Amino acid sequence: MKTTTEWVHEPEAAKLLALKQPTLRNMRRERRLEAGTHWVYATGYVGGPVVYCIPAIREMQRQRTIEAVQKEDERRKAELQLRQQAT
């Protein structure tokens with residue numbers, strides 16, 4: 001199994017996360033990724049190079065996937081109940 005360096009620059013992060021670089025950048029700019037947890041300025045100063053924490057982002061992806069699936073399951077269940085009540 002290949003080990004992953006925890007903090008990587010954007011091109012490698014995008015590749016490891018199966019995202020395009022602009023998508024990853026937008027996630028950061030739109031604050032869907034949390035500063036200090038998912039990304040940091042490598043120099044510690046605004047405008048410095050950005051590095052991303054792959055394990056933290058993967059965990060966020062996992063959690064959001066679980067939440068999205070649960071929400072979809074609830075929506076489908078409610079839809080089924082409405083159809084059953086209509087018959």
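Trainee: Which residues does His-38 touch, not counting residues up to four places away in sequence?
Mentor: This is a predicted model, in which local features need pLDDT of at least 70 and side-chain atom pairs count only at pLDDT 80 or more, while totals for chains, interfaces and linings use all residues. Residues are numbered from 1 along each chain as its sequence is written, and side-chain values use heavy atoms, with hydrogens and water left out. Contact means heavy atoms within 4.5 Å. By that rule, the residues touched by His-38 are Trp-7, Leu-33, Val-51, Tyr-52, Cys-53, Ala-56, Ile-57 and Met-60.

Trainee: Is His-38 buried or exposed?
Mentor: His-38 sits in the loop between α2 (21-29) and β2 (39-41); helices (H or I, at least four residues) and strands (E, at least two) are DSSP runs, numbered from the N terminus. Buried means under 20% relative accessible area, exposed over 50%, and partly exposed in between, with a 1.4 Å probe and protein chains only. Because its relative accessible area is 7%, His-38 is buried.

Trainee: To which side chain does the side chain of Glu-10 make a polar contact?
Mentor: Glu-10 lies in helix α1 and is buried, with a relative accessible area of 11%. A polar contact is a pair of N or O atoms within 3.5 Å; within protein, one must be able to donate a hydrogen and the other to accept it, and residues adjacent in sequence count only if both atoms are side-chain atoms. At 3.0 Å, the partner of the Glu-10 side chain is that of Tyr-52.

Trainee: At what angle do helix α1 and helix α3 pack?
Mentor: Two packed helices are described by the angle between their axes and the distance between the axes. Axes are lines fitted to C-alpha atoms, for helices over the stretch in contact, and angles run from 0 to 180 degrees between N-to-C directions. For α1 (residues 10-17) and α3 (residues 54-86), the axes are 11 Å apart and the angle is about 40°.

Trainee: Which residues of α3 make the contact with α1?
Mentor: From α1, the contact involves Ala-13, Leu-16 and Leu-17. Leu-16 is partly exposed, at 24% relative accessibility. The α3 side is formed by Ile-54, Ile-57, Arg-58 and Gln-61.

Trainee: Why is the pair of Trp-39 and Tyr-41 edge-to-face?
Mentor: Rings of Phe, Tyr and Trp (its six-membered ring) pair if their centres lie within 6.5 Å; planes under 30 degrees apart count as stacked, over 60 as edge-to-face and the rest as tilted. The centres of Trp-39 and Tyr-41 are 5.2 Å apart, and the pair is edge-to-face because the planes stand at 90°.
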